[in-house]
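Here's a quick tour for anyone opening this structure for the first time. Have the sequence and the 3D view side by side, and take the topics one at a time.

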Amino acid sequence: MTTVIKNGTVVTADLSWKADVLIDGGKIVEIGDNLKGDETLDATGCYVMPGGIDPHTHLEMPFMGTYSSDDFDSGTRAALSGGTTMVVDFALPSPGQGLLDALQMWDNKSTRAHCDYSFHMAVTWWGEQVFNEMKTVIEDRGITTFKHFMAYKGALMVQDDEMFASFKRLAELGGIAMVHAENGDVVAELQAKLMAEGNTGPEAHAYSRPPQVEGEAANRAIMIADMAGVPLYIVHVSCEEAHEAIRRARQQGKRVWGEPLIQHLTLDDSEYMNKDWDHAARRVMSPPFRNAKHQESLWAGLMSGSLSVVATDHCAFTTEQKRYGVGDFTKIPNGTGGLEDRMPMLWTHGVATGRLTPEEFVAVTSTNIAKVLNCYPRKGAIRVGSDADIVVWDPEKEKTITAAKQVSAIDYNVFEGHKVKGLPRFTLTRGHVAVLDGELRSREGHGQFVARKGATPTNRALSTWKELTAPRPVERTGIPASGV
Ligand code: DUC
Ligand code: ZN
Ligand code: ZN
Ligand code: ZN
């Protein structure tokens, strides 16, 4: 059965034009005028865009003594309802656990996915087994992006020597390094000091993770990546200090990308001052929300191209889970939701305000990350031969975000009460219409794993440059006799 999307405006990262889109067998087979199919979706007044890709989720993630509450079932349903058609989740070995072993756990969880997905691998410890398995993970499993936590001391954090060893291995294997950039040693000291002083509430979470801890770690990771010769992707960039480091690195020709989150773009640190403990604790995530100065920096980064991708770090905990940290803010599970709201919030606060063009919106929600991850143009494109992961976007459709109507499994929404204008009329995952006029008709298990290849064009360019500029011995004519 073929499906045709009619009368819409196709919007890609570099061009918009009026055209119909014909889909067969889960792929886009034709783009043009007056196309016909067995099933017709009317896109009059709408933009026909590549479905969103959220490259940063934690679904059913074991963390801080519990599991995040959205799993691959509710999480990917939430994604589709908001126009996101692919998620990339972090497979997280516990310290000492092998990479392949951890992957098996993520394979088991992800069988429930309603949309396509891929994984990043986390390097949470270092040893010969990790070194060896990295090759298998990249070459046999198609997972090429490896995250390093510079925070969460005593749990997920890795030291500089471990990070340098891992980065060098990735450079050799054609992988990409990712970091959670916060100085975990300093955070641990600040947490202990705040607690000792009786600063136990959720606001102290923000005090313990000032922009300096993020800026320092971002700079350090950039320098270590440069010395290892590996491209670097910095997740959840929340402040000017980290953005500045990325901006400078990119201007110097370093291969670095920065990823702000929709939460940091649209919510600020005044949330932690709320008199209601639950309200504040529900917004505890790392890095924490920042003030308007930092938010403007992030927006400017998206507008100028120094920041490349908008994600969510979707890691949803219920109010009950958040209350593990009553009396001790360091025990509040870190994480907020956003999968369902990323696209409408970014459209409302980005495109409708004139900060972003529709084409730039497509770039930062889909195309840029598809290129970084090396799954473009299968994903992130409206193009003949691409997967029919498509969102038909109605710029006039409005709603007020509320937990009462969300798909996510938790009992609140950090964007509660925000009005959004710009929502999916249809969302298609490999041709299957998962959202039809706002109604969710997704299928559990429809989602497929997206394997990716390493040695991307960026990897190859960087390794060529590093080889060309590597230290070489000077060839001398007259070498004096040894002095001994
Ligand atoms: N930050 C969060 O807030 N949650 C999950 C992991 C992370 O780095
Ligand atoms: Zn992180
Ligand atoms: Zn994360
Ligand atoms: Zn808003």
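Strands β4 (residues 20-24) and β5 (residues 27-32) run antiparallel and are joined by five bridges. This is a predicted model, where local features need pLDDT of at least 70 and side-chain atom pairs count only at pLDDT 80 or more, while totals for chains, interfaces and linings use all residues. Residues are numbered from 1 along each chain as its sequence is written, and chains are lettered from A and ligands numbered from 1 in the order in which they are written.

**Hairpins and paired strands**

- Helices (H or I, at least four residues) and strands (E, at least two) are DSSP runs, numbered from the N terminus, and two strands pair if DSSP finds at least two bridges between them.
- β4 and β5 make a hairpin with two residues between them, and glycine 25 in that turn has a positive phi of about 60°.
- Across this pair, aspartate 20 sits opposite glycine 32 of β5.
- Further along, strand β17 (residues 390-400) pairs with β18 over eight bridges in the antiparallel sense; here aspartate 394 has leucine 423 of β18 as its bridge partner.
- β18 also runs antiparallel to strand β19 (residues 432-436), with four bridges joining them, and leucine 428 has valine 433 of β19 as its bridge partner.
- The hairpin of β18 and β19 has two residues between the strands, and arginine 430 takes a positive phi near 40° there.

**Buried pieces**

- A residue is buried if 20 or more other C-beta atoms lie within 10 Å of its own, exposed if 12 or fewer, and partly exposed in between, with C-beta atoms placed from the backbone.
- Strand β18 (residues 419-429) is mostly covered, as nine of its eleven residues are buried.
- Helix α13 (residues 342-351) has nine of its ten residues buried, so it is largely enclosed by the rest of the structure.
- Among the elements covering the buried residues of α13 are β8 (52-57), β11 (84-91), α14 and β18.

**Two residues to look up**

- Valine 364 belongs to helix α14 (residues 358-373) and is buried because 25 other C-beta atoms lie within 10 Å.
- Setting aside neighbours within four places in sequence, valine 364 is in contact (C-beta atoms, placed from the backbone, within 7 Å) with Leu302, Ser308, Val309 and Val310.
- The C-alpha atoms of valine 364 and isoleucine 53 are separated by 9.2 Å, with the two residues 311 apart along the chain.
- Lysine 147 lies in strand β13 (residues 145-149), and it is buried, with 21 other C-beta atoms within 10 Å.
- An unreviewed UniProt entry annotates Lys147 as "modified residue: N6-carboxylysine"; such annotations may be inferred rather than shown by experiment, with positions given in the numbering used here and feature names shortened.
- Leaving out neighbours within four places in sequence, the contacts of lysine 147 include Phe90, His120, Val179 and His180.

- Around ligand 1 stand His58, His180, Met285, Ser286, Asp313, Cys315, Asn334 and Gly335 (each with its C-beta atom, placed from the backbone, within 6 Å).

Key:
Two residues are in contact if their C-beta atoms, placed from the backbone, lie within 7 Å.
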